[in-house]
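Let's take a friendly walk through some charged pairs and a greasy spot on a protein surface. Keep the model open beside you as you read.

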Amino acid sequence: MALGKGSHVPSDSDKAAEITGNNTYHPGTVDVEYDELHVQCPPHTTERKLMTRIDWRLLPFLCILYLLAFLDRVNIANARSFNLTQDLNLKSNEYNTALTMFFVPYVVAEIPSNILLKKFSPRVWLPTCMLGFGIASVCQGLVQNYSGLLATRFFLGLFESGMFPGCFYLISMWYKRDESQKRYSLFFSSTSLAGAFGGLLASAIGKMQGIRGYNGWRWIFILEGCLTCLVAIFFFFVFPSFPEQAKWLTEEEQNYVKARLQADQGHNAAERKITLRDVATVMKDHRVWLGGFMYFGLIIPAYGYAFFAPTIISTYHYDPIQTQLHSVPPWAASFAFSLLTAALSDWLRHRAAFALAPLALGIAAFATLLSVHDDTPAQYGMLHLVTMATYSVLPITVCWFSMNLGGHHRRAVGTAWQVGFGNIGGIIATFIFLDSDAPYFRTGYAISLGFTCLSGIASSLYLVSIYRENQRRARAVRDVGLSDYEKTELGDLNPEFRYMY
């Protein structure tokens, strides 16, 4: 609020009475704007203008990064349609084992990667990892045998391990909890775009069969990997970082971004290094474990579809090019549905219902696919529901959980844990759709159905836990005399912190 001559300093109750909506303008001798958390916005801008500028400087880079990461991760499914298994003489379940090899370092390295992200800054660490998995993808197109494929999949998983938790963590350091979901979902929806573009690119690149003596599957890996490497080199010069390291913000703007996050989430301890003691403390929280199972349950149907969509669709009697083209619409449907649910979630400032309700679509789809085997249009339609349910709930689950973790160290460890533990499900997913189960894939659909239900149960228990904790804190003494340092260390365990539903 601006103070003119004879004005008195407003009390908190005065501010609360005057402030309505997201932003309120207060006239006076100086133009000053307060946001809904009573944080003073820099006089030369508004909250809306500043957040729009941040969106454009942050989200496009994260979306492109993760689109290419996911494309390089799952393009092996497209490559399989163009004689990969025959050229490398893969036998029995060796293709599935190659998929599994990706997840071994991917799961183990996620928490260390987030710690290194904080040490080196996102601008250095994430493009470095991106260059690494781009090179690994190119090498996939040059392998001559099964052993070479295993090695390249291992390094692909190692370099990609920090992408997802690192990007989610970075987003959480810029946005308030009630404005984050549409940003998370826009970022995560790049996976759906990767799936759609992957099918389109594969249908085009696959026609390069025989050029320079290479089959089409090699060109899929080589060209898409080279694109990743070129973008990674460019990102070294332009990739965003934490608010306190953003040179494109003035000092006043940096202070405002940090102040509004502090008012929403508490102090974040950005300046303190993460220790093993921090990791141990975070892992003692039962809600952290529930967050892991929320994500774990959905990863199995998500990766099951991503790695085997062309295989499933090919059983509907399409040729390789038609298979790739028919893989596009389900991904496009999930992209649109994800953005819709994210917008509604932010508008209503609610997460739980949007983490639970869409699961009904997935449960219905898998149940139908288990029982219907002679109706291709119905089966193909159910694949759309599978992607819509799975890929819309995944970002809401991670956002809901990560934004309920207060402070840099708890959020960095907790987010990496959720994604790292959840991706163990990727190992299971690589073996649920076996060639021996074609064309009905009853085992794969049944396992996907069961783990979708597991995610729903874990999310329900998490909701009950945070609701009861909020009720307990509301009844307790609010001011227990904690210092700012103690509040910073406690994060969301601070008695003044309130969990978001």
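## Basis of the values

This is a predicted model, in which local features need pLDDT of at least 70 and side-chain atom pairs count only at pLDDT 80 or more, while totals for chains, interfaces and linings use all residues. Residues are numbered from 1 along each chain as its sequence is written, and side-chain values use heavy atoms, with hydrogens and water left out.

## Salt bridges across the chain

The structure holds 13 salt bridges, each being a side-chain nitrogen of Lys or Arg within 4 Å of a carboxyl oxygen of Asp or Glu. One of them pairs Arg53 with Glu253, whose closest N and O atoms are 2.6 Å apart. This pair links distant parts of the chain, 200 residues apart: Arg53 sits in helix α2 (residues 47–80) and Glu253 in helix α12 (residues 251–265). Helices here are DSSP runs of H or I with at least four residues, numbered from the N terminus.

How accessible are the two partners? Arg53 is partly exposed at 32% relative accessibility, whereas Glu253 is buried at 3%. Buried means under 20% relative accessible area, exposed over 50%, and partly exposed in between (1.4 Å probe, protein chains only).

## A buried pair and its network

Glu179 and Arg260 form another salt bridge, with closest N and O atoms 2.9 Å apart. Glu179 lies in the loop between α8 (163–172) and α9 (181–188), and Arg260 is in helix α12, 81 residues apart. Glu179 is buried at 12% relative accessibility, and Arg260 is buried too, at 0%.

## A pair within one helix

Glu469 and Arg472 also form a salt bridge, their closest N and O atoms being 2.6 Å apart. Why are they separated by about one helical turn? Because they are three residues apart in helix α22 (residues 442–475). Glu469 is buried at 13% relative accessibility, while Arg472 is partly exposed at 43%. Elsewhere, salt bridges that share partners join Glu47, Lys176, Glu179 and Arg260 into one network.

## A nonpolar patch

Val104, Phe154, Phe155 and Leu158 make a nonpolar surface patch of about 310 Å². Patch residues have over 30% relative accessible area and no salt bridge, with nonpolar side chains (Val, Leu, Ile, Met, Phe, Trp, Tyr) joined within 5 Å and like charges within 9 Å. Accessible areas come from the Shrake-Rupley method with a 1.4 Å probe, and for residues only the protein chains shown count as cover.

Helix α7 (residues 146–160) gives the largest share of the patch, three residues. Leu158 is found in helix α7 and is partly exposed, at 34% relative accessible area.

Conventions:
Helices (H or I, at least four residues) and strands (E, at least two) are DSSP runs, numbered from the N terminus.
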